[in-house]
Amino acid sequence: MKDQIPAINSRFSGLSSKLIITIIGVIMLVEIVIYLPSLASFRTTWLEDRLRVGIVAARVLDAVPDVMALPRELTDRLLLSAGADAIVYRREGQSQLIELTEPVTPERAVTADLRQRDLPSQIAGALDTLLAGPGRTLRIVGEGDMNESLLELLMPEEPLRREMIDYSRSIVLVSLGIAAVTAFALYMLVSTLFIDPVLRLTANMLAFRKAPENGALILNPSLRRDEIGILERELAAMESELFAMLRQRRHLADLGLAVAKINHDLRNTLTAAQLLSDQVATLDDPKVQRLAPRLVMTLDKAIGFAQSVLDYGREAAKPPQFTPIPLRALVEDAGFEARVTNNPLIAFDNLVPEDFQIVGDAGQIGRLLVNLLKNAREALETVPGEGQDRLISVTAEAQAENAVISVIDNGPGLPPRARENLFVAFEGSVRSGGTGLGLAIAREIAEAHGGRLELGETATGTRFDITLPLQQTIA
């Protein structure tokens with residue numbers, strides 16, 4: 001039993017989706033690496049702004065001999081401008097404190113020392129602030145604007161945390177936008193260079209595996225010179241070799257099954273010819289005149305039988321070369337070769353429109369038509385009597401996706417027994433002594449073009465329908 005052939009569900013169900021996810025993941029990872037120093041810088045800048053306001057307040061303290069003499073209204077305004085609950089100013093071993101009229105007692109305090117400028121400490125402090133819960137008090141420590149001066153600000157941490165969350169949200173939105181645009185641009189580039197060719201190769205391999213006898217499915221490689229171009233050309237060569245090997249194997253198998261029949265029929269035919277030739281050699285002229293035609297006919301029969309078998313065994317298994325074909329002219333040539341054109345006993349009607357075209361291998365399609373027309377001629381030649389209206393006609397019509405070519409004759413038709421093995425080599429012959437190879441070869445040619453050859457239903461005579469795709473790949 002053959003393994004179930006996998007199907008490509010959609011463009012984004014395989015390699016493409018993995019590529020998009022990988023690109024977005026890498027971009028987001030890079031954004032995270034950039035985000036942490038950026039967040040630490042935002043926090044440091046925010047703290048330095050508050051510290052500068054505190055330095056302005058410290059200058060006011062330096063200008064006043066007695067801090068306790070400052071009005072409460074002024075100190076509250078200084079603290080509110082800095083957003084602080086209290087300011088401690090230390091210089092020359094002395095400390096001065098400014099606090100609100102109604103002092104705030106901190107429950108939890110965390111120190112942010114701006115004198116530490118190393119990046120790991122800043123990143124650790126930023127993450128601590130971002131992940132901390134509400135209710136903490138921030139103790140900002142930094143140098144003043146005078147030598148050996150130190151400034152401390154006590155303030156709620158929640159305003160800093162809210163602004164850091166807003167900043168992080170903006171960074172995330174910008175990062176997602178950058179990731180989406182970059183992923184789309186990279187995907188379109190990679191898709192054009194790699195994904196589309198890989199999908200084309202995958203689809204071709206799946207289709208060719210289902211019907212390796214269909215020459216229309218052999219990959220038409222591009223002109224790329226990179227690894228994918230090499231892969232396309234090697235795959236096309238492999239499919240061509242497999243196509244040829246399968247056809248050759250079928251021919252060899254058919255020949256092997258027919259060896260006994262060939263030997264028996266050929267031996268009997270040649271034996272009869274030998275007996276007749278012996279009689280001719282001993283008879284006078286009147287009998288020679290009577291027996292000579294039989295001798296020639298018998299020998300021709302043996303030679304034709306052997307020749308048809310050899311032709312089938314040597315049948316070329318080359319894939320078809322697809323080109324546009326004017327069908328009416330091809331039918332005219334096939335009729336001439338099959339000896340139905342200008343035949344004194346048989347009328348031939350080429351009913352194909354003048355502008356009707358198909359896409360295929362002209363040589364192979366021509367041979368297919370010759371085989372069908374020859375079979376039709378031989379069938380009509382068996383009709384007894386003279387003056388009979390013997391007719392062979394060829395028609396063509398375009399359907400939705402296919403072209404249907406019909407070869408019709410008004411002969412005696414096919415007996416039911418002949419229909420059973422009609423397209424089987426050495427089994428499908430209707431005539432006595434025939435090999436049945438013509439229809440077998442015709443069927444192979446139709447299948448190699450992605451089409452089919454079928455026996456059509458008709459009230460009288462015989463009709464064969466050739467169905468070929470209208471659109472094919474032109475090499």
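## Questions about a predicted model

Trainee: Leaving aside its neighbours within four places in sequence, which residues is G360 in contact with?
Mentor: Good place to begin, and please remember that we are looking at a predicted model. G360 belongs to strand 8, which covers residues 357-360. Once neighbours within four places in sequence are set aside, the contacts of G360 are Q321, F322, T323, I325 and H449.

Trainee: Is G360 buried or exposed?
Mentor: A residue is called buried when its relative accessible area is under 20%. G360 has a relative accessibility of 0%. By that cut-off, G360 is therefore buried.

Trainee: How far apart in space are G360 and Q321, C-alpha to C-alpha?
Mentor: Along the sequence, 39 residues separate G360 and Q321. Q321 is also one of the residues that G360 contacts. In space, their C-alpha atoms are separated by 6.6 Å.

Trainee: Let's go on to helix 8. What does helix 8 reach from its first C-alpha to its last?
Mentor: Helix 8 runs over residues 362-381, which makes 20 residues. At 1.5 Å a residue, the span expected for helix 8 is 28 Å. The model comes close to that, since the reach of helix 8 from first C-alpha to last is 28 Å.

Trainee: Which residue caps the N-terminal end of helix 8?
Mentor: Look at the backbone nitrogen of G363. A side-chain oxygen lies 3.1 Å from that nitrogen. The residue that supplies this oxygen, and caps the N-terminal end of helix 8, is D361.

Trainee: N371 is in helix 8 too. Is N371 buried or exposed?
Mentor: The relative accessibility of N371 is 13%. The cut-off for buried is under 20%. N371 therefore counts as buried.

Trainee: How are helix 3 and helix 4 placed relative to each other, roughly parallel or roughly perpendicular?
Mentor: Helix 3 covers residues 119-131 and helix 4 covers residues 158-210. The two pack with their axes 9 Å apart, at an angle of about 100°. Angles of 65 to 115 degrees count as roughly perpendicular. Helix 3 and helix 4 are therefore roughly perpendicular.

Trainee: And which residues of helix 4 make the contact with helix 3?
Mentor: From helix 3, the contact involves A126, T129 and L130. By class, the residues in this contact are five nonpolar, two polar and one charged. On the helix 4 side they are L160, R161, M164, I165 and S168.

Trainee: L160 turns up there. How far apart are the C-alpha atoms of L160 and L47?
Mentor: L47 lies in helix 1, residues 15-63, and is buried with a relative accessible area of 1%. Not counting residues up to four places away in sequence, L47 touches A112, L114, L138, I140 and L160. L47 and L160 are 113 residues apart along the chain, while the separation of their C-alpha atoms is 8.4 Å.

Trainee: What is the relative accessible area of T467?
Mentor: T467 lies in strand 12, residues 462-469. Beyond its neighbours within four places in sequence, T467 is in contact with N402, A403, V404, G451 and R452. T467 is buried, and its relative accessible area is 6%.

Trainee: Where is R339 placed?
Mentor: R339 has a phi near 60°, a positive value in a residue other than glycine. Most residues other than glycine have a negative phi. R339 is exposed at 55% relative accessibility. Its place is the loop between helix 7 (327-337) and strand 7 (347-350).

Trainee: What is the relative accessibility of N342?
Mentor: N342 also sits in the loop between helix 7 and strand 7. N342 is not a glycine, yet its phi is positive at about 60°. N342 counts as exposed, and its relative accessibility is 73%.

Methods:
Residues are numbered from 1 along each chain as its sequence is written. This is a predicted model: local features need pLDDT of at least 70, side-chain atom pairs count only at pLDDT 80 or more; totals for chains, interfaces and linings use all residues. Side-chain values use heavy atoms; hydrogens and water are left out. Helices (H or I, at least four residues) and strands (E, at least two) are DSSP runs, numbered from the N terminus. The expected span of a helix is 1.5 Å times one less than its number of residues. A polar contact is a pair of N or O atoms within 3.5 Å; within protein, one must be able to donate a hydrogen and the other to accept it, and residues adjacent in sequence count only if both atoms are side-chain atoms. Axes are lines fitted to C-alpha atoms, for helices over the stretch in contact, and angles run from 0 to 180 degrees between N-to-C directions. Angles under 35 degrees count as roughly parallel, over 145 as roughly antiparallel, 65 to 115 as roughly perpendicular and the rest as oblique. Contact means heavy atoms within 4.5 Å. Ala, Val, Leu, Ile, Met, Phe, Trp, Tyr, Cys and Pro count as nonpolar, Asp, Glu, Lys and Arg as charged, and the others, Gly among them, as polar. Buried means under 20% relative accessible area, exposed over 50%, partly exposed in between (1.4 Å probe, protein chains only).
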